[in-house]
Each structure stands twice: as structure tokens, then as C-alpha cells.
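Here is a short briefing to read alongside the coordinates. It covers a pocket and some backbone features that may be handy to know before you set up your own work.

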Amino acid sequence: MEKLRAFDTPTVCNALEIVDPGRRAVGFTTRPFVTAFPAMSPMVGYAKTAVIRARERPKADPAEVRAMRLRYYEYVAAPPAPSLVVIQDRDPEPGYGAFWGEVNTALHKGLGVLGCITSGSIRDLGLIATDFQLLAGSVAPSHAWVHVEDIDLEVEVHGMRVRPGDLLHADRHGAVVVPADALAEVLMAVDLCTRREAPLLAAARQSDFSIDRLKAAVAEADEIH
């Protein structure tokens with residue numbers, strides 16, 4: 001997993017196309033995010049999933065809402081680790097109220113979470129815990145009635161379906177589900193992608209680059225296996 005963090009998410013997506021061609025059009029986010037720390041290194045961790053709403057007051061009484069929030073934190077703190085929280089905002093207008101800000105980023109970082117991927121919103125941009133990455137659908141000023149509605153279930157965020165325990169790779173580009181039993185194959189495929197791109201990049205960066213040099217570079221790349 002640490003080796004996988006050395007590569008960006010587009011490279012991991014390229015590698016997955018080689019390892020499992022059937023995943024070429026599934027398993028990754030398909031819409032852009034607001035990113036808290038664009039320059040931050042990629043995250044690799046196991047999914048902890050939840051659903052939130054913020055537009056309307058919770059139907060449960062305050063004691064039940066508080067109990068659900070505490071169950072959520074207990075779930076987040078439990079193995080496996082390292083973890084990434086994936087939260088689907090089920091409001092008709094996702095992001096109406098922000099779940100993530102100064103307090104929640106501090107709490108989650110303290111519990112060992114690497115970051116969050118959410119269709120909801122974030123706030124407190126100048127106060128977010130350092131080195132805690134947030135990929136969010138939007139930025140909003142209020143938390144409104146935001147509350148945890150359910151935990152430990154399959155969710156969908158920006159076109160990516162995630163089950164609890166899925167291994168995720170994420171950075172400023174978005175996120176992708178990585179088959180945990182194929183990590184070694186993915187790393188080998190990353191190496192293959194890198195070697196195949198090398199002749200193309202080397203040719204393109206030469207001062208005398210031309211269509212003929214491009215054709216030669218493509219032929220060279222095609223011979224790399």
C-alpha cells in the first residue's frame with residue numbers, strides 16, 4: 001500500500017485497465033471535487049462508509065441523533081486501518097450543510113483517518129486539520145441540520161460505488177477502488193505503464209520532435225511488455 005502511494009490516481013487507473021480491462025469504465029469517480037490540499041500526496045486506505053443529510057431537521061430525537069453520531073465515531077475508530085471515510089450526502093441538494101470543518105477533521109485525524117471523500121460540502125477552509133485531505137462536492141458556510149443517517153453500508157459518491165472495507169486510492173484528481181487482492185499486479189502494471197510512456201515523452205520533449213519521431217516512439221512503446 002505504501003508503494004502505491006508513490007503514484008497518482010490517474011496512473012493507478014491506467015494500471016487497473018491492464019490488470020482488469022472490465023474495470024476500464026467503472027470503479028472511479030466521474031465528477032470533479034473541491035480539494036482541501038491539492039499538493040498533498042495520494043491517500044491509500046480502507047473505506048469506512050456513511051450517509052448524511054442536512055437540509056431537514058432529523059426525525060429522530062436528539063438523544064438518538066447523538067447516539068448515532070457516537071456509533072459512527074466508534075465505527076470509524078475500529079480496524080481496518082489506515083482508513084478513508086466515504087460519505088454520501090443524500091439530500092436532494094447535496095452539500096446544503098457541511099459535515100466537515102475544523103472540529104470533524106481534527107476528530108477524524110485523531111482517530112487515525114487519512115481523509116474523506118464526500119458528495120457533501122466542507123467549510124472552515126483555513127482551519128482544517130493539516131495533512132487531512134478532503135475531496136468534497138462543494139464548499140458551504142453552514143452545517144445546517146447535518147447528521148449521520150446510517151453507517152457501514154454501500155454508498156455512491158460522484159459515480160463511484162464503495163463498499164465498507166474497499167481499498168481506495170485518492171488524490172486531487174478523484175478516487176478509485178483498487179482490488180486488495182491484486183495489489184502486486186497493479187504495481188507491476190504501473191511499472192509497465194511508466195515504461196510504455198517513457199519513449200513517447202522522451203521523443204515529445206526533443207527540440208526536433210516530428211510526426212516521424214512520434215511514429216517511431218509509438219512503435220517502440222508497442223514493443224514494451
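Predicted model: local features only at pLDDT ≥ 70, side-chain atom pairs only at ≥ 80, totals over all residues.

**The largest pocket**
- The largest pocket holds about 270 Å³ of space.
- Its lining is made up of 15 residues, and Pro58, Lys59, Ala60, His147 and Glu149 are the closest to the centre.
- Two elements, α2 (62–77) and β9 (147–151), each contribute at least two residues to this lining.

**Cis peptide bonds**
- As background, most peptide bonds are trans.
- Proline 79 and proline 80 are linked by a cis peptide bond, with omega near 5 degrees.
- Another cis bond connects alanine 81 to proline 82, where omega is about -5 degrees.
- Proline 80 sits in the loop between α2 and β3 (83–89), and proline 82 is also placed in the loop between α2 and β3.

**Positive phi angles**
- For context, most residues other than glycine have a negative phi.
- Aspartate 152 has a positive phi, near 60 degrees, and belongs to the loop between β9 and β10 (155–157).
- With a relative accessible area of 45%, aspartate 152 is partly exposed.
- Histidine 158 also has a positive phi, near 50 degrees, and lies in the loop between β10 and β11 (160–162).
- Histidine 158 has a relative accessible area of 8%, so this residue counts as buried, the cut-off being under 20%.

Methods. Residues numbered from 1 in each chain as written. Heavy atoms only, no water. 1 Å grid on protein atoms, 1.4 Å probe; cavity = no way out; pocket = protein on both sides within 12 Å on 5 of 7 lines; lining within 4 Å. Points joined across faces, edges and corners; volume = space filled by probe spheres on them. Helix = DSSP H or I, 4+ residues; strand = E, 2+ residues; numbered from the N terminus. Buried < 20%, exposed > 50% of the residue type's maximum accessible area, 1.4 Å probe, protein only.
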